[in-house]
Amino acid sequence: RVHSEPIEAAVDKALTTLDEREIRVINAFFGINQEHETLAEIAEDMDLKRERVRQIRDKAVRKLRKAYKFNLQKI
């Protein structure tokens, strides 16, 4: 939950930096607008190995952190 409009705007803008596959993994893993899924469940749904899903998740989280910090500085 985000309680500040500037922070919410920074989060929304950061999410736009992700590609479709990264969005799918992040939403499923963190339970955003859906039930939380494990890496194994996501891997099965996407026909990938669990390790590859972990790599996608980690890369997406790094991208989100970087974009969030950048967008927050602009506010």
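Residues are numbered from 1 along each chain as its sequence is written. In this predicted model, local features need pLDDT of at least 70, side-chain atom pairs count only at pLDDT 80 or more, and totals for chains, interfaces and linings use all residues, while side-chain values use heavy atoms, without hydrogens and water.

**Packing of α2 and α4**

Helices are DSSP runs (H or I, at least four residues), numbered from the N terminus. Helix α2 (residues 20-30) packs against helix α4 (residues 50-73) at an angle of about 95°, and their axes are 9 Å apart. Axes are lines fitted to C-alpha atoms over the stretch in contact, with angles running from 0 to 180 degrees between N-to-C directions. The two helices, α2 and α4, are therefore roughly perpendicular to each other (65 to 115 degrees). On the α2 side the contact (heavy atoms within 4.5 Å) involves R21, E22, V25, I26, F29 and F30; the α4 residues include R52, V53, I56, R57 and K59. By class, this contact has nine nonpolar, no polar and six charged residues. Ala, Val, Leu, Ile, Met, Phe, Trp, Tyr, Cys and Pro count as nonpolar, Asp, Glu, Lys and Arg as charged, and the others, Gly among them, as polar.

Within α2, E22 is in contact with T17, I56, K59, A60 and K63, leaving aside its neighbours within four places in sequence.

**The largest pocket**

The largest pocket has a volume of about 260 Å³, the space filled by probe spheres set on grid points joined across faces, edges and corners. A pocket is an open set of points on a 1 Å grid where a 1.4 Å probe fits, with protein on both sides within 12 Å along at least five of seven lines; lining residues have an atom within 4 Å of a point. Among the lining residues are V11, I26, F30, I32 and Y68. Helix α4 gives the most to this lining, with four residues. The lining divides into nine nonpolar, no polar and one charged residue.

**Individual residues**

Relative accessible area defines buried (under 20%), exposed (over 50%) and partly exposed (in between), with a 1.4 Å probe and protein chains only.

| Residue | Relative accessibility | Class |
|---|---|---|
| E22 | 3% | buried |
| I32 | 34% | partly exposed |
| N33 | 80% | exposed |
| D47 | 71% | exposed |

Although not a glycine, N33 has a positive phi of about 60°. D47, in the loop between α3 and α4, has a positive phi near 55° and is likewise a residue other than glycine.

Technical notes:
Parallel < 35°, antiparallel > 145°, perpendicular 65-115°, else oblique.
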